[in-house]
Amino acid sequence: MTTPLLETRNLTITFGGVIAANDVSLKIEAGRNLAIIGPNGAGKTTFLNICTGWIKPRKGQVLFQGEDVTALPPRKIVQRGVARAFQIPQLFTEHTALENLLIAAAARDGMRNPLIDLHDTPARDEMLHLLEMVNCADVAHRLVVELSEGQRKLIDIAVALALKPRLLLMDEPTSGVASSEKDGIMEILITALAEAKVTSVFVEHDMGIVQKYADEVAVWNAGNVQLRGAPAEILEHPDVIRDVIGEVA
Amino acid sequence: MNVTIFLLALFDGVSYAALVFIVALGLTLIFGVMRILNVAHGSLYAIGAYATVSLTGFALSMGAAPILAFPLMLISAVLVGLLIGGPIEVLLLRRIYNKPEVLQLLVTFAVFMILEDVQRLVWGTQPYFQSAVLQSLGNITVLGVTYTVYQLILLPLVAVALLLGLRFFLRHTLNGKLILATTEDREAAQSIGIDADRVFLLTFIVGAILAGLGGALASPTTSILPGMGADMIVLSFAVVATAGLGQIEGAALTALMIGLGRSFAIYFWPEIAVLVPYLIMVLVLLVRPEGLFGSPAARKI
Amino acid sequence: MSSVSTAPKTDAPKHPKSMLWIVGVVLLAAVPFAVPSLQLLVTFALAKGLAVVGVTVLLRAGQVSFGHALFFGIAAYACAFLMAAIPGADLALLLLVGTLGALLAGLCVGLFVVRYRGIFFGMLNLAFSMIFWSILEKFYHITGGADGIRLPRPTVLGMALERGPFELILYYLAIVLMVVLGWVTIRWFASPVGQIFQTIKTNETRLEYLGVSPRRALLSGYLLSALLCGVGGVLMGVAQGAVTPEYVWWVRSAEMVFIAVLGGAGSVRGAFLGALIYEIVRTYASAYAGDIWQMLLGAFLLIIILFAPGGLIGIFGSLAGRAVKEDAK
């Protein structure tokens, strides 16, 4: 058996008496896009936070490619190949879209030369190409604060992709985006992920999106994975319809 | 260790801690509610001291009894709060609540620079000393060590009374509850009809009065000279930061720690006495960056 | 604040302005012959200007330090101690040792303060400078206490010079250091390391999730700022011939912050422009307004923050921008 890309063992954490993760053991295999669905407040974002070292679990372990990364800070986990996109885009607001990507590339490549201009770094063409891939080439030189929420989400994801991760964790990639744009964004995204050979885990509330783009679905409820399987079978499960889809609709 | 010296250091430390705590209380209250560190707080302390000395000096020259200095201290403190604190909040701070923290810091720092010169213009650079009131309450002898009642009994009593009073005010009075509600969530408080502007003004004036009162109470025990405001803002910040910004009860404990640390150093290693508060602060912050009683603020993502 | 970093790469309108700066440097170089009475004053201003650039660097990361005179003073005291230990030491050695001293202090203090932002960052820097100030005052048998220590004139590349030629050399050294270190700092701002440093201001969460340690990023800028303050401190100490605890007094730090904001928070050229104007105004105004100097500074600081956040460089920029537009007509 191959080592899973990411594995959690018995993750447990509570916030002021509320259980956000309860003995979560989950394996994420390389090459498949896993969607996590579940009601609000069930601990999905917390799960991503623990996997990336932002918060530490009270109990349990996180393993990336077989290595225990539970105690590492986020940057060390990122350096090992886990990137993250956020529900609220985390961007450098005083920089342009392209500069956000160039800074990510500089961080990835460990650019230390203090006399070279950020714009003259070797990754410039690669980053322009990445912007094209996420359909934002036309706003490359605009400050990210001036962009629409949808564009910011795409750039947030592009920044994560710029790191050339093995695994990308995304928190509601299509939230805050007009529903007419959601499919467009997911098309772009899934293509970009496949092209870069990146495995993804994404938290999602839109079941249409999940059905269309996930290879696998995990249902999160009350701090743990209740069910896991192919989208078609999961989305028709009566418990899921009652507990998750019912609430979202 | 000689018992007399030990007791002297202990008493010095306690009375000093009481003074520093009163000032720090105002600083941490303002920060807790308004999220602003008022660098000019030290100046308000100094002006409270100057005002008391001037008023007391005037009253004594008119033949008043030294005991009259006590109401004058209170009057000075309230004047500092109303005449200086009030305008600072209304004219300046109100404009910058939504600005970056650094700008807020620069604004209160600018006020500090202005007030430092105001003191010099009004009171000159000669030190003032007015200790008539210190003797008016007499002395007390404990295990052979004689100490003034003012420093050993009155100051700690006032400090404890202020701590308890502020706790009571915040938790059991309407205005106090309004302040706490605004601290928790300003927008929610406004949406249920709380006048946040009034709450902030009230908080700032109370904080400024505490600074002025600290100065007023300190005035009989020390010579009053330019630069005392700068020393006090850094010292009270050290107290407040060691406790955790906004931690009222914690500030009482760290004030005691820092006051005792300093006074024992004065007797046993005088060269480093002024450094002791900062050493304590740095050591605490190295181990607990959010202060002894503060809780780490995890950013939501 | 970071208009330089975010402006798209349009070089066209920049030329008239950079020409103006070159003219400015040439004019400065002519001062010893044209207006000799200003020579020492400008030396002081440039020494302060270098330290102000140090404060400016931190402003780019959204941080303000109320204690950077610490590094200014440490460098100057290091020079004074060196001169006492090796009489007739060379200016180059002083520059090296003073700067290294400031860097070392920057590393020690920096490792601690980069754990903090905003209020704590500003106040902890202030606390460290006050600690050092107390040490200078209390351990007077070593430091000379409030009187400070003399810093005798060093040799220059092995030559013992009279006062006149020495001050002239020092003057041009200050100009060279301004141009070189100013240029390096501007390039550093635009470089990947400098850009990463500046993202501290806008989003540390993302920085951490790029695999970068925000503390280390801040430390890189902190060291640069300590270095710049150190070079300024060496120049000031050598130019004045004595160092006193006043070098690290909080008023000095406040002055640096003031000039940085006056010049245009975040602008390197503005820092030098601000320092020159500040020093000239102070020298001539102190006769009339010595008692209320700090008050004037404070009031002016409030006015800039509330009404002209771009500072001098913003005003200069909009004037120059207008001139360029009028040229184009």
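A:Asn10 has its place in strand 1 of chain A. The model is a predicted one, and in it the phi angle of A:Asn10 is near 55 degrees, a positive value in a residue other than glycine. A:Asn10 is partly exposed, with 13 other C-beta atoms within 10 Å.

A second residue with a positive phi is A:Glu172, a residue other than glycine whose value is near 50 degrees. A:Glu172 belongs to the loop between strand 7 and helix 6 of chain A. Is A:Glu172 buried or exposed? A:Glu172 counts as buried, because 20 C-beta neighbours lie inside 10 Å and the cut-off for a buried residue is 20 or more.

A:Gln65 sits in the loop between strand 4 and strand 5 of chain A. When neighbours within four places in sequence are left aside, A:Gln65 is in contact with A:Thr3 and A:Leu5. From A:Gln65 to A:Gly81 the separation is 16 residues in sequence and 9.6 Å in space, C-alpha to C-alpha.

| Residue | Other C-beta atoms within 10 Å | Class |
|---|---|---|
| A:Asn10 | 13 C-beta atoms | partly exposed |
| A:Gln65 | 16 C-beta atoms | partly exposed |

## Chain A as a whole

Chain A contains 9 helices and 10 strands. Along the principal axes, its C-alpha atoms fill a box of roughly 55 × 40 × 40 Å. The radius of gyration of chain A is 18 Å, which agrees with the value near 18 Å for a compact globule of 249 residues. Of these 249 residues, 48% are buried. Among the contacts in chain A with a separation of 6 or more, 67% are between residues 24 or more positions apart.

Strand 1, which holds A:Asn10, takes part in an open sheet of 4 strands in chain A with the order 2-1-4-5 and antiparallel pairing. Strand 2 (18-28) and strand 5 (67-68) stand at the edges; each has a single partner strand, so one side of each is left without a neighbour in the sheet. Strand 1 (residues 6-15) and strand 4 (residues 59-64) run antiparallel and are joined by 5 bridges. A:Thr12 stands opposite A:Lys59, a residue of strand 4 of chain A.

Strand 3 (residues 34-37) and strand 8 (residues 199-203) run parallel and are joined by 3 bridges. Within strand 8 of chain A, A:Val203 stands opposite A:Ile36. Strand 6 and strand 7 of chain A also run parallel, with 4 bridges between them, and A:Met170 in strand 7 is the bridge partner of A:Ala85.

Strand 6 of chain A is covered on both faces: A:Val82 and A:Arg84 on one side, and A:Ala83 and A:Ala85 on the other, are all buried.

## Two domains

Chain A is divided into domain 1 (1-81 + 166-249) and domain 2 (91-164). The centres of the two domains, taken over C-alpha atoms, are 25 Å apart. In chain A, 14 residues of domain 1 are in contact with 12 residues of domain 2. On the domain 1 side, strand 7 (167-171) and helix 6 (179-196) each supply at least two residues, and helix 6 gives the most, with 6 residues. By class, this side has 12 nonpolar, 1 polar and 1 charged residues.

Methods: Residues numbered from 1 in each chain as written. Chains lettered and ligands numbered in written order. Predicted model: local features only at pLDDT ≥ 70, side-chain atom pairs only at ≥ 80, totals over all residues. Rg over C-alpha atoms; globule rule 2.2 N^0.38 Å. Buried ≥ 20, exposed ≤ 12 C-beta atoms within 10 Å, placed from the backbone. Contact = placed C-beta atoms within 7 Å. Domains from an automatic or database assignment. Nonpolar A, V, L, I, M, F, W, Y, C, P; charged D, E, K, R; others polar. Pairing = 2+ DSSP bridges.
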